[in-house]
Amino acid sequence: MSRTPTPLPTYATHETGWRHIQALLPPALRLGGAQAPMPEEEWLDVGAFRVHLDCWRRPDAPATVVLVHGGGGNGRLLSPFGAMLAGLGYEVVAPDLPGYGLTRVEHKRALVYDDWRDTLAAVVETEAGRSRRPLVMFGASMGGMLAYDVTARTRLPAGLVATCFLAPRDPVVRRRMVRWPWMAGLAGPMLTALPFLTDPLPVPMGLAGNMLAITNSAELSRAIARDSLAGGTWMPGRFLRTFLESEPLVPPESFDMCPVLLTHPAADRWTPVSASQPFFDRLRVPKRRVMLENAGHFPVEEPGVSQLRQAMSDFLRERAAHPR
């Protein structure tokens, strides 16, 4: 007798911390309102992973935007930006990267950072194959560098937007990313000295990173840090080691794929703009920096939200009109 397949989980039916997080967002950014439509939920098989996607499909959209979360989030956490861009008329896709959200991973302890690169590249290639419209990447937090790498690898995106460019080998960046600055000089050596012992160890992300600085609201930060599908998850030491050892796939001086927009929160208490500026300065493509006033690492405060909306609107209009 054949067994009925177990239904895949969805955010619509999954009782997780995301609903609590939504309730703590400014009202205009909460899903379900007239200006923040709910996404559709889709799945994409990528190797051994079943990747969950939040999608705002717009068949007649002038461009598609792929949202890329960082180490404290998931695709659903980026829904304020997905709904914002959908409201501007663009198609948006927000994947849950392996180890986060609802993406199915059979052997989590085996995850490495390249699994994120491979997964995001597959999402980009799939979306690029759906239509001939331009595709733009938008990476938040460590998702900014991941979006950069996948743009360089696939050469498909017509534009790259990031809130941060965090190069993990840079000692200054490491000191900003970890929960306590003194950890910066220990984390790498601890993970690389005896990888056969540390690689499979489950490391709570709240211990590895300063999750309580992910927003400038203590209550919202605590909610994200406690969400087991976001900042409250764990990742194997192997993933953290390979992330800390990673370098950009292409040096910024050699990046020639597309224009870049850095939308950095001006009141970021986790990774200030000084951590991203050196990498941004080395880029030789057309680029622009917009500082989001009063906005924290996860930028949900005004006037930063309105400034992000305007900067994205201008950038996407340009990329739709002149994709290359």
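1. The model is a predicted one, in which local features need pLDDT of at least 70 and side-chain atom pairs count only at pLDDT 80 or more, while totals for chains, interfaces and linings use all residues. Residues are numbered from 1 along each chain as its sequence is written, and side-chain values use heavy atoms, with hydrogens and water left out.

2. Helices (H or I, at least four residues) and strands (E, at least two) are DSSP runs, numbered from the N terminus, and two strands pair if DSSP finds at least two bridges between them. On this basis there is an open sheet of 8 strands with mixed pairing, in the order 1-2-4-3-5-6-9-10. Strand 1 (40-46) and strand 10 (287-292) stand at its edges with a single partner strand each, so one side of each has no neighbour in the sheet.

3. Strand 1 and strand 2 (residues 49-56) run antiparallel and are joined by 7 bridges, with Val46 standing opposite Phe49 in strand 2. Strand 2 is also joined to strand 4 (residues 91-95) by 4 bridges, again antiparallel, and here Leu53 stands opposite Pro95.

4. Strand 4 pairs in the parallel sense with strand 3 (residues 64-68) over 3 bridges, and Thr64 has Glu91 as its bridge partner. In a regular strand the side chains alternate between the two faces of the sheet. In strand 4 both faces are covered, since Glu91, Val93 and Pro95 on one side and Val92 and Ala94 on the other are all buried, where buried means under 20% relative accessible area with a 1.4 Å probe, protein chains only.

5. Strand 3, helix 2 (residues 79-87) and strand 4 make a right-handed β-α-β unit; right-handed here means that, with the strands pointing away from the viewer, the path from the first strand over the helix to the second runs clockwise.

6. Which residues of helix 2 meet helix 12? Phe81, Met84 and Leu85 meet Val305, Leu308, Arg309, Met312 and Leu316 in helix 12, contact meaning heavy atoms within 4.5 Å. The axes of helix 2 and helix 12 (residues 304-321), which are lines fitted to C-alpha atoms over the stretch in contact, come within 11 Å and cross at roughly 50°.

7. Helix 10 (residues 237-244) has 7 of its 8 residues buried, so it is largely enclosed by the rest of the structure; the buried residues include Phe239, Leu240 and Arg241.

Key:
Buried means under 20% relative accessible area, exposed over 50%, partly exposed in between (1.4 Å probe, protein chains only). Axes are lines fitted to C-alpha atoms, for helices over the stretch in contact, and angles run from 0 to 180 degrees between N-to-C directions.
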